[in-house]
2 protein chains.
Amino acid sequence: MISSARAEIITIGDEILFGQIVDTNTQWIGTQLTDIGIRPARKTSVGDNRQDILDAFTQASQRVNVVIVTGGLGPTRDDITKHTFCEYFGTELEINQDALALVTEFFAKRGRAMTEMNIQQAALPKNCTYIPNLWGTAPGMWFEKDGVIYVSLPGVPYEMKSLMEFEILPRLKARFSTHIIQHKQIRTIGIGESFLAEKISTWEDALPEHIKLAYLPHFGQVKLRLTGTGTDQAVLDKQLDEQIALVLPLIEEYVFGYDSDELETVIGTLLMNHNATVGTAESCTGGYVANQITSIPGSSRYYEGSVVSYSNDVKMSVLGVSRETLEAYGAVSEQTAREMAEGARRVLNTTFAISTTGIAGPDGGTPDKPVGTVWIACATPEETFTQLLTLRNNRKINIELTCSYALNLLRKTILKTSLAVKG
Amino acid sequence: MISSARAEIITIGDEILFGQIVDTNTQWIGTQLTDIGIRPARKTSVGDNRQDILDAFTQASQRVNVVIVTGGLGPTRDDITKHTFCEYFGTELEINQDALALVTEFFAKRGRAMTEMNIQQAALPKNCTYIPNLWGTAPGMWFEKDGVIYVSLPGVPYEMKSLMEFEILPRLKARFSTHIIQHKQIRTIGIGESFLAEKISTWEDALPEHIKLAYLPHFGQVKLRLTGTGTDQAVLDKQLDEQIALVLPLIEEYVFGYDSDELETVIGTLLMNHNATVGTAESCTGGYVANQITSIPGSSRYYEGSVVSYSNDVKMSVLGVSRETLEAYGAVSEQTAREMAEGARRVLNTTFAISTTGIAGPDGGTPDKPVGTVWIACATPEETFTQLLTLRNNRKINIELTCSYALNLLRKTILKTSLAVKG
């Protein structure tokens with residue numbers, strides 16, 4: 001444990017249990033608590049059910065010393081959090097005049113009439129510290145009992161976030177923040193989780209107790225997340241950097257970035273640094289690569305466009321792939337990938353161009369070219385590099401993996417080319 | 001309650017507690033369990049910590065009779081779910097030969113060497129029923145003890161969903177489902193949730209008790225989901241169809257399909273029925289429309305390709321948009337959208353072509369053309385139809401909305417054209 005504080009996040013509401021909404025609140029709360037050195041030890045979701053909520057409070061109080069509760073504060077009768085807190089603490093509701101004034105002002109400002117239901121939103125358990133909610137009508141509440149802090153917040157994301165940011169986190173930080181938690185990530189591509197683990201196992205075994213490693217795989221990429229805990233930000237930062245410096249030589253060829261770097265942003269930066277542009281020629285990815293590149297705001301500075309040549313006609317008429325190549329080697333071949341990339345570079349008038357052609361599935365596979373057979377190419381002013389991928393997944397994943405590998409081929413090609421230029 | 005089953009969903013992994021990933025698995029699992037009449041009673045997230053996991057298992061077994069566990073099955077050492085199950089059940093791991101054969105085949109197919117770590121993925125607790133995972137390397141597991149079912153699944157969403165869909169849900173349904181729950185959906189586009197609700201409020205109020213209505217809005221579309229509960233499949237089916245027949249006349253112009261119909265599949269069917277083809281010319285959507293169309297297996301039968309003309313140069317050089325048009329009206333204009341669509345139809349040699357040009361944001365807006373200003377067009381052999389969109393969202397949503405509206409413009413154009421032909 002890093003600070004004396006361990007937190008449990010409790011969400012209340014049938015809509016979360018039944019899957020009617022995706023819960024993003026607890027993810028955000030988890031990051032915020034972690035950042036101030038309070039360890040999220042558990043998350044619990046219960047329905048709008050008195051006994052389930054009481055049980056959750058009791059069990060949480062036995063596990064942690066900070067309990068963050070969201071939801072169940074609305075005016076409608078199925079929101080029972082406040083009443084359940086009263087029962088849990090053996091107290092009752094009373095109108096809080098500050099809360100009432102704020103709710104009254106809230107409705108006055110909007111020129112809306114207040115209902116009895118709205119007035120009841122100002123009724124709070126007698127033992128709570130009132131936390132004003134300037135962003136909605138449901139007040140926040142802070143309780144302390146037997147060394148455990150209970151915080152109750154509305155479930156509306158921006159109300160919850162505002163209350164946490166301006167009221168709750170500062171109080172928790174003042175109370176607990178003795179230790180720091182820091183994350184650093186190494187982003188890799190082109191190597192599986194288990195192979196990566198084998199390459200760095202000696203280093204991983206030698207990690208100090210206060211630095212933990214996690215593998216986070218995602219579409220041909222693996223994030224290596226180092227989580228360090230300590231008391232001195234600068235020291236911890238240095239220790240993490242030292243570990244990264246130690247492991248990097250073992251996996252350098254697979255590393256494309258750090259922390260929040262994405263392949264698309266890394267490539268964008270590389271291209272801008274070299275005053276270079278890129279275009280794409282896509283068959284099996286059907287525009288997905290273009291879509292990923294243009295998902296980055298400002299990508300128009302280095303991205304010219306794409307020819308999605310789904311049919312052979314378009315491969316020939318727009319990209320200038322030769323009929324002979326298509327007939328001799330087929331659409332899914334190194335030669336076609338090469339001519340597509342070179343054609344895209346010419347037609348779109350770019351420094352680099354990448355191409356994809358393959359069998360995404362589920363149909364279209366043959367014995368010698370099964371589903372998942374993909375050729376990618378990257379054309380440069382000097383030469384064209386190609387790569388064969390043999391993927392074995394469903395259509396969607398094959399497309400996403402092909403995109404990752406194509407962007408990585410572009411990345412490596414830019415680096416290679418720039419080295420050549422430097423050399 | 002419709003069955004005796006109450007479920008708890010347990011997710012294992014520090015990355016969820018710390019908020020490094022948004023947990024979408026439990027939301028999906030919640031909907032699936034609800035659909036077969038099993039009530040999700042609680043969700044619990046614990047870290048990669050032996051004692052916390054053991055506590056979660058014990059407490060869940062006291063609350064529910066179905067425990068769904070996801071995560072912590074990877075090959076790396078921070079994944080400890082299997083070992084903890086062994087400790088919980090007082091058993092040990094042993095290599096499961098079926099699992100080993102499957103993992104071996106998985107790597108053989110990919111022509112990749114297997115590491116000791118991969119082999120260990122076939123080691124399962126002796127008391128578990130092995131659930132083959134055809135989508136990854138971590139097997140699913142099914143345990144039963146003292147009247148409680150424990151299911152362990154990998155955390156990778158598509159592996160988890162595939163295992164649930166093909167293995168787990170059928171078993172749970174066979175075990176618990178006493179009543180029938182049936183869903184029917186009406187898919188609409190081009191009308192907001194609240195306007196739709198007004199149009200059908202009388203019908204909605206008259207729905208029988210055992211048929212519930214849900215509005216599921218998603219990127220310019222609204223799904224109307226009817227959920228019927230009963231004991232006789234045929235009767236329930238008929239009752240749902242009768243309700244659909246009643247509501248349809250009120251909203252016909254907005255309805256593009258039913259149940260699992262997607263705009264992309266509806267368009268594909270329309271195009272094939274008319275022996276027609278389509279191509280796209282995309283600026284602000286950057287390949288997203290092409291990607292959506294080609295997400296449908298077999299789309300190569302009617303989809304020729306796309307020109308993603310992100311720069312004006314490509315708009316002119318590949319699509320033949322005139323410099324005069326771009327200078328006089330700008331890239332985001334009805335005229336440019338029109339010339340892009342007509343150019344795409346010519347260059348890609350298709351029956352129809354749709355184009356998108358707009359300001360997706362966050363930058364690039366001007367007082368007269370703010371972020372969210374988008375022109376779309378659909379070219380046919382006879383004429384070209386255009387439409388102005390004024391969206392007010394972030395980049396990602398603007399792109400997705402533009403795609404929905406462009407595909408819907410294509411759908412309506414095909415219908416209009418075919419009527420003209422018929423007439």
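**Entry 1: the end of a helix**

Which residue just after α4(B) takes a positive phi? I found B:Gly90 there, with a phi of about 65 degrees. My helices are DSSP runs of H or I with at least four residues, my strands are runs of E with at least two, and both are numbered from the N terminus.

Before going on, I note that this is a predicted model, where local features need pLDDT of at least 70, side-chain atom pairs count only at pLDDT 80 or more, and totals for chains, interfaces and linings use all residues. Residues are numbered from 1 along each chain as its sequence is written, chains are lettered from A and ligands numbered from 1 in the order in which they are written, and side-chain values use heavy atoms, with hydrogens and water left out.

I then looked at how covered α4(B) is. Seven of its nine residues are buried, and the helix is mostly covered. Here buried means under 20% relative accessible area, exposed over 50%, and partly exposed in between, with a 1.4 Å probe and protein chains only. The buried ones are B:Thr81, B:Lys82, B:Thr84, B:Phe85, B:Cys86, B:Tyr88 and B:Phe89.

**Entry 2: aromatic pairs**

I looked up ring pairs next. A pair of aromatic rings is described by the distance of the centres and the angle of the planes. Rings of Phe, Tyr and Trp (its six-membered ring) pair if their centres lie within 6.5 Å; planes under 30 degrees apart count as stacked, over 60 as edge-to-face and the rest as tilted.

How many aromatic pairs does the structure hold over all chains? I read off 22. In one of them, the ring centres of A:Phe85 and A:Phe89 are 5.9 Å apart and the planes are at 5 degrees, so I call this pair stacked. Both residues belong to helix α4 (residues 81-89) of chain A, where they are four residues apart, about one turn of the helix. A:Phe85 counts as buried because its relative accessibility is 0%. A:Phe89 has 12% and therefore counts as buried too.

In chain B I looked at B:Phe89 with B:Phe143. This pair is stacked, with 4.7 Å from centre to centre and 25 degrees between the planes. B:Phe89 sits in helix α4 (residues 81-89) of chain B and B:Phe143 in strand β7 (residues 140-145) of chain B, so the pair ties together parts that are 54 residues apart in sequence.

**Entry 3: around β7 of chain B**

I stayed with B:Phe143. Its relative accessibility is 0%, so B:Phe143 counts as buried. Its C-alpha atom is separated by 6.3 Å from that of B:Thr129, 14 residues apart along the chain.

Which strands pair with β7(B)? Strands pair if DSSP finds at least two bridges between them. Strand β6 (residues 129-131) of chain B pairs with β7(B) in the antiparallel sense over three bridges. Strand β8 (residues 148-153) of chain B pairs with β7(B), also antiparallel, over five bridges. I see B:Met141 opposite B:Tyr130 and opposite B:Ser152 in β8(B). β7(B) and β8(B) form a hairpin with two residues between them, and B:Asp146 in the turn has a positive phi of about 50 degrees.

**Entry 4**

Strand β16 (residues 373-379) and strand β17 (residues 384-390) of chain A pair in the antiparallel sense over seven bridges. They form a hairpin with four residues between them. A:Cys378 stands opposite A:Phe385 in β17(A).

What lies over the face of A:Phe385? I found A:Lys416, at 4.0 Å from the ring centre. In chain B, B:Lys416 lies over the face of B:Phe385 at 4.1 Å. A charge sits over a ring if NZ of Lys or CZ of Arg is within 6 Å of the ring centre and within 35 degrees of the ring normal.

**Entry 5: a buried arginine**

I looked up A:Arg42, which is in strand β2 of chain A. Is it buried or exposed? At 3% relative accessibility, A:Arg42 counts as buried. The C-alpha atoms of A:Arg42 and A:Val64 are separated by 8.8 Å, and the two residues are 22 residues apart along the chain.
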